[in-house]
Amino acid sequence: MIAQHNLRVALFLIGLVPEGVAAAAIELPPEDVLLAIRKARTHQAAGRVVEERAVLEQLVESHPSDTTSLLQLFDFYSRHADKDNIARLRALLRAQLANAEQIPLSLLKAAIQDKRMDEQEVRLMLAELEKRFAAEPSDTSIPRMLLTGYERLDDPGKQREQIVRLLALEPSARWKFELIRIDESLGRWEDLLAEVRAIKPGNAEAGWLLLRELAALDALNRVGEMALIIDRLEVTAATAESVVDELMARAMGLLDRGDTASAEKLLRKLALAQPQKRELGRAVAYLFGTLEEQASLEASYMDKTLKSDNLETLINDAARRMMNGDAASAIPILERAAVVAPKSELPWFNLAVAATKLERWPLVESAAGKAIEINAAQPRALMLRAQARVKSGRVAEGMADAKAALAIDPKLKQAWYVLYLGANRLHDEKAAAEYLEKSR
């Protein structure tokens with residue numbers, strides 16, 4: 001007989017029991033099986049593959065009904081990608097699982113969690129566990145194992161059955177929340193409402209519970225009750241990021257149903273919790289706000305932007321404004337960007353683009369000129385200055401800039417078009433036609 005301590009060490013080595021668990025509580029495989037597994041592990045650690053295989057194959061031959069031995073050899077064949085022997089052992093293992101009464105509960109648990117077990121094998125183990133729970137309906141470990149197995153099979157209905165069993169045996173908050181989550185995934189909205197409302201207020205997850213209640217009411221089209229939940233709902237900076245998509249969907253649904261007041265309240269709570277999300281703030285202001293509110297919001301955004309020292313923030317805000325057709329408000333932001341990063345051509349170039357949209361040709365010329373001073377090989381900046389000079393009547397200078405841009409990038413069609421504008425101003429119809437053709 002080996003010492004009890006050695007039994008614990010052997011079990012720990014084969015992964016059947018965590019360190020610190022009392023050996024007396026474990027269903028032990030036969031003693032000679034443990035010794036053989038320990039010997040095989042010694043060979044594995046030393047890299048003696050042939051010896052490890054011989055020990056494990058002999059073990060299975062001498063103990064063909066011992067599932068522990070089968071799983072150990074299964075592990076060996078898996079590590080060495082021995083497909084033929086894996087198939088042979090899988091057939092033996094299925095035969096064991098089809099008559100699983102003698103398999104220790106701890107081993108069933110390990111096997112269910114083993115990712116190599118396929119769906120048919122998992123179902124055999126779950127069937128055995130169901131039998132054992134029928135015989136021992138007070139054993140909470142069995143529905144826990146069943147829950148793990150049905151999660152592997154992606155069977156939410158069966159998962160729910162195990163959670164209900166666990167709630168009956170140990171009515172803890174954990175299983176109440178799990179039941180709510182599974183009922184939401186199953187669309188059992190009436191059940192979910194009853195479960196949420198049965199939990200006492202003041203719980204640490206009160207906000208999450210309100211969101212689940214809101215989801216159920218939304219699914220059940222009980223819009224009037226949704227308004228009451230929205231009144232109670234608190235959206236903070238800490239929680240807003242994780243719920244923004246869900247609440248936006250709820251708000252859009254409310255708008256579609258004609259409950260504008262509730263949608264506005266929900267969106268305003270989101271916008272207040274996330275002041276950095278300017279598009280959200282703008283959406284609220286332009287959907288529900290007055291002209292004065294919209295103007296005030298834009299002024300506050302402009303004030304914050306103009307105080308920024310971050311070049312990327314400034315450039316992105318200006319770009320967004322230009323995309324929205326508001327080049328005028330982009331100009332002071334780009335002027336600020338030029339102060340923040342005086343050695344970067346980007347603010348000056350973008351300022352020239354914004355000024356072009358407004359046909360402010362002196363500003364286009366000066367901004368493009370600054371970009372050219374920083375990077376003389378920037379053809380688009382040369383093209384913008386060329387356009388400004390031609391539009392201002394300094395045709396020769398403008399056409400010289402356009403030709404310099406084309407010397408760098410002959411495919412820059414805008415520069416050919418500037419040459420066309422210049423030739424038109426000089427009444428050179430032949431050159432204008434040639435330039436126009438190349439600009440297309």
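With which residue does Lys277 form a salt bridge? The partner is Glu241, and the closest N and O atoms are 3.4 Å apart; a salt bridge here is a side-chain nitrogen of Lys or Arg within 4 Å of a carboxyl oxygen of Asp or Glu. Lys277 lies in the loop between α15 (260–273) and α16 (278–288) and Glu241 in helix α14 (residues 237–257), so the pair ties together parts that are 36 residues apart in sequence. Helices are DSSP runs of H or I with at least four residues, strands are E runs of at least two, and both are numbered from the N terminus.

The model is predicted, with local features requiring pLDDT of at least 70 and side-chain atom pairs pLDDT 80 or more, whereas totals for chains, interfaces and linings use all residues. Residues are numbered from 1 along each chain as its sequence is written, and side-chain values use heavy atoms, with hydrogens and water left out.

The chain contains 25 helices and 0 strands. Its C-alpha atoms fill a box of roughly 110 × 65 × 40 Å along the principal axes.

In total, the structure holds 43 salt bridges. Glu130 pairs with Arg165 at 3.0 Å between the closest N and O atoms. For Glu170 and Arg144, the corresponding distance is 2.6 Å. A network of salt bridges links Arg278, Glu279, Arg282, Glu298, Asp317, Arg320 and Arg321.
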